[in-house]
Amino acid sequence: MFCQNCGTRNGDEGIFCENCGIKLERDDVMAESSMQQNMPVAAVQTSAVGNIATVTPNKVMKKWTKIIIAEVIILFIAGYGLYTVGTNSFTPQNMASAFFVNMVNGDFGAAYDQIDVKETEFINKDQFVKANEEFCLGIVSNYRVRNELSKVGNDWYRDEQAALGESVLVDYRLKGGSSDQTYPVSLIKQMEKKYLLFDDWKVSAESLIATDYLVVAPKGASVIVDGIALNDAYLQKEEMGYGEEKDCYVIPQIFLGSHSIQVSMENKETLKEDIKIQYDNDQYVVWDMVWSQAAMKEVLQKAGEDLQKLYQAAMQGQDFDSVSDLFSGEEKYEEVRYRYEDFALGLSEQEESDTVQTIRFYDLESEICSSWHENVVEIRVDGLYDLEVSYMDWWTGERKNGSYNGESYSGSAEFVFENGNWVLVSFWF
């Protein structure tokens with residue numbers, strides 16, 4: 001051991017320097033003293049073993065550890081804040097507010113995305129947008145959202161209702177208005193969470209959709225609603241109280257609002273109409289369709305031809321069987337047979353008076369008198385005819401031939417469109 005004062009070498013067990021007499025400081029004590037001065041924080045413990053002090057240094061926290069702890073705290077605070085914001089954002093009131101705003105602004109595509117529906121031919125975004133083309137609440141100056149169930153029933157009742165859905169009322173006031181109006185929005189809680197954390201809400205379609213909408217049209221007519229042809233899948237087989245001459249179609253679901261319908265049928269004018277389906281309107285019925293001009297022209301021509309054939313056969317004394325092919329296969333009654341035979345007898349067996357030999361009809365015009373069947377039309381036929389007859393000359397006692405030209409004619413007949421042709425049902429001359 002060396003003296004720290006004079007540098008003299010001393011024994012290891014010495015306490016004072018043998019040269020200068022100063023108290024010696026041991027090397028191990030000096031080393032620990034130097035370490036103690038260099039450490040920023042130290043805890044010193046003393047023991048009763050001689051005069052030696054034991055120094056225990058504090059552990060220093062590493063920098064990256066502090067950074068991780070700080071980041072965890074920040075993430076926790078941010079996560080809690082986001083969760084709180086999300087919980088307050090994804091509420092039925094906010095969903096109802098967004099839906100109301102979309103409807104007022106005419107953003108029906110965005111509004112449809114909020115609706116809880118199962119899509120079909122008639123239930124989809126395009127159909128919803130079209131159905132609401134004329135939707136307008138007016139110019140809304142202000143609105144507020146309230147919960148319909150907040151003051152209804154006891155707490156248990158409200159909790160049970162809220163477990164599945166909520167009914168929200170949106171009060172609004174129109175520009176220039178002096179009183180509030182109300183727009184109801186029913187919402188359904190979805191089973192899946194939004195972002196795995198928050199309640200997800202959809203607008204119930206119950207107040208936006210008509211169910212089992214009935215369309216009644218003449219039997220055999222083609223019906224198109226909003227560009228969609230109603231096929232056998234919509235056709236009802238059972239009787240629905242409209243008679244056998246009507247086809248009844250049922251659309252399971254269709255949006256309330258504006259729609260287009262087209263009904264077409266052979267020999268009838270195509271019916272095109274814009275309709276509005278509302279809460280209190282659950283059916284559309286086509287009772288009658290107007291005969292087309294082409295059909296009327298065709299049946300008029302047929303009437304002239306058949307009248308000519310009936311007169312010709314009657315004048316020749318032919319029986320009903322000779323003209324039966326002019327009549328409907330389902331309408332060859334005894335009444336029609338009797339009418340023809342009586343008519344033929346009157347033309348062919350008048351020996352003492354004028355007897356018709358030939359007849360020609362022309363300038364025929366017709367008009368519809370009635371239509372008691374979808375495919376049956378009664379027409380009144382007016383026109384002119386030329387007639388050649390044989391008559392008895394009372395002065396000479398001989399029969400002579402004569403003619404009448406430009407005589408007026410009036411009669412009526414019923415025709416039915418059957419198997420692509422117009423055929424007689426009955427006639428009155």
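Reader: Is strand 5 mostly covered or mostly open, and how would I tell?

Author: Start with the cut-offs: buried means under 20% relative accessible area, exposed over 50%, and partly exposed in between, using a 1.4 Å probe and protein chains only. Strands (E, at least two residues) and helices (H or I, at least four) are DSSP runs, numbered from the N terminus. Strand 5, residues 165-174, has eight buried residues out of ten, so it is mostly covered by this definition. Please keep in mind that this is a predicted model: local features need pLDDT of at least 70, side-chain atom pairs count only at pLDDT 80 or more, and totals for chains, interfaces and linings use all residues. Residues are numbered from 1 along each chain as its sequence is written, and side-chain values use heavy atoms, with hydrogens and water left out.

Reader: Which way do strand 5 and strand 6 run, and how many bridges join them?

Author: Two strands pair if DSSP finds at least two bridges between them. Here strand 5 and strand 6 (residues 181-189) run antiparallel, joined by eight bridges. One of the places to look is serine 167, whose bridge partner in strand 6 is serine 186. Six residues lie between the strands of this hairpin, and glycine 176 takes a positive phi near 85°.

Reader: In what order do the four strands of the open sheet lie?

Author: The order is 10-9-12-13, with antiparallel pairing. Strand 10 (228-229) and strand 13 (271-277) are the edge strands, each pairing on one side only. Seven bridges connect strand 12 (residues 257-264) with strand 13, and isoleucine 261 stands opposite glutamate 273 of strand 13.

Reader: Why does asparagine 124 count as buried?

Author: Asparagine 124 counts as buried because its relative accessibility is 17%. Asparagine 124 lies in the loop between strand 3 (115-116) and helix 5 (125-131). For its polar contacts, look for a pair of N or O atoms within 3.5 Å; within protein, one must be able to donate a hydrogen and the other to accept it, and residues adjacent in sequence count only if both atoms are side-chain atoms. The side chain of asparagine 124 reaches the backbone oxygen of glutamate 121 at 3.0 Å, and a polar atom of that side chain lies 2.9 Å from the backbone nitrogen of glutamine 127. Contact means heavy atoms within 4.5 Å. Beyond four places in sequence, asparagine 124 is in contact with Tyr112, Glu119 and Phe255.

Reader: What does aspartate 306 touch?

Author: Aspartate 306 is found in helix 7 (residues 293-315) and is buried, with a relative accessible area of 1%. Not counting residues up to four places away in sequence, aspartate 306 touches Leu326, Phe415 and Leu424.

Reader: And what about the chain as a whole: how many helices and strands are there?

Author: The protein chain has eight helices and 18 strands. Of its 429 residues, 35% count as buried.
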